[in-house]
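Please find my notes on this entry after the display. They are set out as numbered points.

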Amino acid sequence: MIGNIALTLALLSAVFSVIMYFLNYRGYKNTLGPARISFHISAIMILAASALLLQAILTHQYQYRYVYNYSGSGMPLGLLMSTFYAGQEGSFMLWTLFSSVIGLILLDYTSKRGDLEQRVMMIYGLCIVFLLVMVNPLLKSPFIYIWSQPDFIDLKHINSAYLTLPALQNFLFSDPQSGKQFVQVGPDLLAVLKANNVPLDKFIIEGKGLNPLLQNFWMQIHPPMLFIGFSMTAVPYSFAMAALIKNEYNEWVKQSLPWLLTGTMVLGLAIMLGGYWAYGVLGWGGYWGWDPVENSSLVPWLIAVAAIHTMLVQKKTQNKSGEDKLNAGRFVKTNLILSIFVYVLVLYSTFLTRSGILGDASVHSFVDPGMTVYLLLLGFLLFFTFLGLGLVFFRWNYLVENFTYEENILSRELALFTGSVALIASAIIVLVGTSAPIFGQTVELKFYNELNLPIAIIIGFLNGLSIVLKWKTTDRKELLNGIKTPMIVSLLLTAIIFVLGGVENFMLVILTFSSIFALVVNGEIVLKILKGKKSHAGAYVAHIGIALFMVGVAATAGYTKSEQVDLVKGEKVELWNYQLSFAGYQPIEGGKKYAFNVEIKDGDDINVASPVMYIAEFNNSLMREPDIIVGFTKDFYVAPVSYDEENPSDAGQTVNMKKNDVVEYQGMKIEFTNFVLPEDMSAMMSGGKFKIGANLKVTYDGKTYNLEPYMESAGGQQEFHPAELKEAGLKIALANMNATGGEITIVLQPISSENIPVQTPKEVLTVDVSIKPFISLVWLGVIVMVIGFLISVFRRSKESLA
């Protein structure tokens with residue numbers, strides 16, 4: 001109750017603050033003080049509500065629906081605290097919290113810069129109002145009591161001391177299929193408990209707990225950083241709107257740039273931390289899968305990076321005195337539109353991931369929140385889009401008349417603009433692919449890879465070329481002399497990689513060359529700068545990070561080796577000049593999980609990888625965690641698939657498939673097209689009754705058939721239902737499913753097969769083994785890029801005070 005009151009007061013104060021700032025800008029005196037006070041009150045109420053939610057989680061107050069659904073006892077403190085943002089309500093709450101804190105800093109920042117405060121805080125306050133509406137008690141508040149609407153709770157979560165109460169018997173139910181017992185909670189049960197003096201906070205003594213996929217160290221870091229990045233995108237939006245409101249464009253870039261740099265740095269780091277989480281823990285085998293939810297965070301980051309480059313051009317080319325209102329520099333219109341779209345695309349990302357519209361296309365998306373939330377998310381997206389673009393349209397004639405220039409081809413301005421165009425093109429490609437499920441379509445991974453590869457090559461060349469070019473104009477001979485040495489060095493290094501690495505893909509060779517060229521040019525500049533103004537090295541260091549990252553991407557994308565191997569205990573398998581053997585398994589974490597030890601012998605060196613498998617109590621499903629032998633030149637990646645104490649070949653042919661894979665079996669072609677996910681994903685996430693299957697396209701005798709083997713789970717019991725193609729005498733059964741990684745394991749056998757496995761004493765561990773060359777450059781590149789951003793933020797923050 002107190003939490004809801006705090007959120008309501010926060011919303012009312014935020015609305016009042018926006019009104020007061022608006023009135024102050026319109027010339028009404030004595031409204032600036034109330035605007036500031038009400039904004040501070042709103043922030044204090046948000047902080048108080050956040051503290052109350054965290055306290056409810058830490059003290060296991062399961063009478064709150066949100067706390068019950070996502071937390072549980074026995075969890076480490078860090079993971080328990082991370083349940084704060086494990087669901088929709090809490091993640092919106094975290095976003096609101098970070099936005100309020102950033103808002104307080106922004107208020108102090110703008111209050112020292114003339115009349116900037118009124119215009120910026122008026123718009124930024126609207127962004128906070130949007131978030132507060134989403135967590136208000138009538139919509140998605142995390143403080144809603146579990147009794148507010150009827151629901152069924154597993155009897156094991158109830159305090160057994162109260163189960164003998166006669167009045168409680170009418171609320172007990174059993175599920176004959178699963179054998180589980182439930183208590184129906186709701187307003188009627190609440191009245192009975194109060195009448196019998198049963199403490200509400202003592203009645204439910206356990207929560208559902210956190211999804212095992214989220215029970216990892218990175219859960220404590222990745223989402224908070226992502227929401228800090230999301231929160232900061234509202235600042236450049238507010239600065240752009242403030243410039244449009246006043247119709248003055250000299251100062252806003254200098255004031256906005258440090259915020260844009262900081263937000264882009266944090267968002268980029270958060271995205272790659274998510275990639276590292278996926279690579280090292282979730283067993284996907286890679287760090288990027290072009291999942292729609294992953295993409296929806298990447299798109300605003302690409303636009304933000306494009307905006308940084310064109311803002312630098314505007315800042316460099318504008319009137320230094322700031323007295324000439326019409327000499328605001330190049331690309332004013334571009335910068336305004338990009339700053340608006342950075343935030344709008346974050347809202348679009350929120351709409352995609354939280355409206356339920358991607359429920360069938362992405363395993364990351366939240367469940368359908370209901371029509372009210374759907375319409376509100378859509379409404380806010382349209383509101384901020386039309387508010388921003390409407391002001392641009394209103395000022396368009398003025399902007400066109402005064403800020404349209406012809407650029408010299410051989411100039412740094414045009415090179416930076418071209419780089420921004422390339423980034424925008426990449427963002428559009430990713431956006432189209434991400435949005436396709438809205439229209440009932442899906443795109444294959446090669447859509448992203450093939451279209452983005454040429455753009456990455458262009459960005460690599462521009463990364464280096466823009467540094468060699470001078471502002472305004474560059475002499476051709478001077479340009480050729482500037483790039484001659486870097487070109488020769490880059491060609492030599494690329495040739496060495498081509499020969500030693502056995503590179504065959506021409507496009508990847510070009511990508512490698514362009515990335516090395518950028519690395520050499522920027523490295524040379526950094527060495528010169530380190531002898532002088534070190535604070536000017538930021539952009540070049542960031543470019544070096546991007547170049548290292550792209551070299552790592554080229555290496556892993558084109559030259560990763562992967563193989564699925566059956567390891568029989570005690571028997572050695574030769575693979576890529578390595579000897580692999582399964583040495584047995586051992587229980588870990590008190591017997592909750594099992595580590596399967598795989599010895600990897602490389603000459604005289606022996607390493608042991610210990611991937612993990614276990615049955616999660618949360619939803620009674622098989623969980624897999626990879627293990628990685630990390631090296632600078634390559635990672636040896638071992639992901640578990642299955643463990644069996646009997647020979648799987650006796651039960652039919654076992655095949656592991658990824659989406660769009662095609663296998664041949666007895667004259668038939670079998671293609672795995674997509675998963676068939678349950679309509680209500682919440683049942684799957686909560687361990688309830690659901691059905692999940694795989695759609696297989698079988699081509700036989702010139703005809704195509706669609707088969708759908710599926711797994712049905714109810715009350716923790718799983719039952720696999722095979723699909724039959726009688727025309728071909730084929731039966732296909734699911735053996736394993738990994739919806740997160742996009743993989744299935746199927747068993748192909750004749751319909752006449754009795755499917756009675758022959759028991760053997762052999763223990764067989766099936767693993768996916770990969771060698772990923774120079775993936776360390778991906779992580780090193782991100783770290784170097786962040787260092788470059790930090791240096792740039794420090795420099796541009798100092799300049800904004802001038």
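1. Two stretches call for caution. Residues 360-367 stay under 50 in pLDDT, although the model gives them 31 contacts beyond four places in sequence. Residues 753-760 are also below 50, and this stretch has eleven contacts beyond near neighbours in sequence. Where pLDDT is low, the predicted coordinates should not be read in detail.

2. Helix H19 (residues 506-529) packs against helix H20 (residues 538-559) at an angle of about 155 degrees, and the two axes are 8 Å apart. Angles over 145 degrees count as roughly antiparallel, and H19 and H20 are therefore roughly antiparallel to each other. The crossing of H19 past H20 is left-handed.

3. What residues make the contact between H19 and H20? On the H19 side they include Leu508, Leu511, Ser515, Leu519, Asn522, Ile525 and Ile529. On the H20 side, Tyr540, His543, Ile544, Leu548, Val551, Ala554 and Tyr559 are among them. Sorted by class, the contact of H19 with H20 comprises 17 nonpolar and six polar residues, with no charged residues.

4. An open sheet of three strands has the order E1-E3-E2, with antiparallel pairing. Strand E1 (151-154) and strand E2 (172-175) are at the edges and have a single partner strand each, so one side of each lacks a neighbour in the sheet. On average, neighbouring strands here are turned by 40 degrees against each other, direction ignored.

5. Within that sheet, E2 and strand E3 (residues 180-185) run antiparallel and are joined by four bridges. Opposite leucine 172 stands valine 183 in E3.

6. A further open sheet has four strands in the order E13-E22-E21-E20, again with antiparallel pairing. Its edge strands, strand E13 (653-658) and strand E20 (723-725), each pair on one side only. For neighbouring strands of this sheet the average turn is 30 degrees, direction ignored.

7. Which strand is joined to E20 by three bridges? That strand is E21 (residues 730-738), and E20 and E21 run antiparallel. Leucine 725 has leucine 730 in E21 as its bridge partner.

Technical notes
Residues are numbered from 1 along each chain as its sequence is written. This is a predicted model: local features need pLDDT of at least 70, side-chain atom pairs count only at pLDDT 80 or more; totals for chains, interfaces and linings use all residues. Side-chain values use heavy atoms; hydrogens and water are left out. Axes are lines fitted to C-alpha atoms, for helices over the stretch in contact, and angles run from 0 to 180 degrees between N-to-C directions. Helices (H or I, at least four residues) and strands (E, at least two) are DSSP runs, numbered from the N terminus. Angles under 35 degrees count as roughly parallel, over 145 as roughly antiparallel, 65 to 115 as roughly perpendicular and the rest as oblique. A crossing is left-handed if the near helix is turned anticlockwise from the far one by less than a right angle, and right-handed if clockwise. Contact means heavy atoms within 4.5 Å. Ala, Val, Leu, Ile, Met, Phe, Trp, Tyr, Cys and Pro count as nonpolar, Asp, Glu, Lys and Arg as charged, and the others, Gly among them, as polar. Two strands pair if DSSP finds at least two bridges between them. pLDDT is the predictor's confidence in each residue, from 0 to 100.
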